[in-house]
Amino acid sequence: MIRADSYASTVTWSRQTLSRRLIFGGFALLALSMVISTYNYLSQTYSGGTGASTYAQLILAALSSLFAAGGWWFLCQLKTGDSAQRSLLVKAFVVLGLQFSVSCIGQLLRADHVFFINRFSAPFWIDALGFGVGAAGFFLTSFMVYRVEPVSTDS
């Protein structure tokens with residue numbers, strides 16, 4: 001027979017695992033998009049702009065994703081000591097979820113004229129999917145943090 005607290009712990013662990021996998025999956029899709037974009041820009045058959053601005057945009061997009069992943073990692077290291085800290089942590093994950101949601105919508109609006117997928121349009125769709133998956137993970141994480149009781153560190 002499964003105890004209620006054991007079941008709740010299992011459900012919490014599986015949601016936590018799912019949220020982390022969604023966030024990681026979102027970042028992995030963004031990385032895949034960067035690899036495809038880099039290949040496209042460096043290939044001889046790319047007909048788009050290849051000036052310094054194009055390369056700067058590519059590098060800045062990669063750095064932005066790395067910084068966001070670093071921020072997520074640091075937030076995951078925090079433990080809630082009281083309800084005020086828990087509230088701030090929840091807000092941080094909600095804001096990251098909103099940022100990923102807005103980026104997803106921006107990508108979809110940017111790629112609205114592209115109805116087929118080839119190696120040149122794939123990064124737009126992969127970015128949109130990555131931002132969408134990551135947003136779901138951040139929102140699920142914020143829900144999980146909200147439901148966790150604060151852990152007192154005072155002895």
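I took helices (H or I, at least four residues) and strands (E, at least two) as DSSP runs, numbered from the N terminus. The model is predicted, so local features need pLDDT of at least 70 and side-chain atom pairs count only at pLDDT 80 or more, while totals for chains, interfaces and linings use all residues. Residues are numbered from 1 along each chain as its sequence is written, and side-chain values use heavy atoms, leaving out hydrogens and water.

**Fold.** I counted four helices and zero strands in the protein chain. From the N terminus, the order reads α-α-α-α.

**Contacts and surface.** I called a contact any heavy atoms within 4.5 Å. Of the chain's contacts with a separation of 6 or more, 77% join residues 24 or more positions apart. I looked up accessible areas by the Shrake-Rupley method with a 1.4 Å probe; for residues, only the protein chains shown count as cover. The chain has about 10,100 Å² of accessible surface, and carbon and sulfur atoms hold 68% of that. Buried means under 20% relative accessible area, exposed over 50%, and partly exposed in between. By that rule, 32% of the 155 residues are buried.

**Aromatic rings.** I paired rings of Phe, Tyr and Trp (its six-membered ring) with centres within 6.5 Å; planes under 30 degrees apart are stacked, over 60 edge-to-face, the rest tilted. The whole structure gave seven aromatic pairs. Phe-27 and Phe-138 have ring centres 6.5 Å apart and planes at 85°, so I logged the pair as edge-to-face. Phe-27 sits in helix α1 (residues 4-42) and Phe-138 in helix α4 (residues 122-147), so this pair ties together parts 111 residues apart in sequence. Phe-27 is buried at 11% relative accessible area. Phe-138 is buried at 0%. Ring pairs also gave me a cluster of Phe-27, Trp-72, Phe-93, Phe-100, Phe-131 and Phe-138.

**Gln-107.** Gln-107 belongs to helix α3 (residues 83-110). Its relative accessibility is 8%, so I marked Gln-107 as buried. Leaving out residues up to four places away in sequence, I found Gln-107 touching Pro-123, Phe-124, Asp-127, Ala-128 and Phe-131.

**Cysteines.** I searched for disulfides, meaning cysteine sulfur atoms in pairs within 2.5 Å. The count was zero. Cys-76 is buried at 16% relative accessible area, and Cys-104 is buried at 14%.

**Leu-60.** Is Leu-60 buried or exposed? I found Leu-60 exposed, with a relative accessible area of 56%. Leu-60 lies in helix α2 (residues 52-76).

Terms used: Buried means under 20% relative accessible area, exposed over 50%, partly exposed in between (1.4 Å probe, protein chains only).
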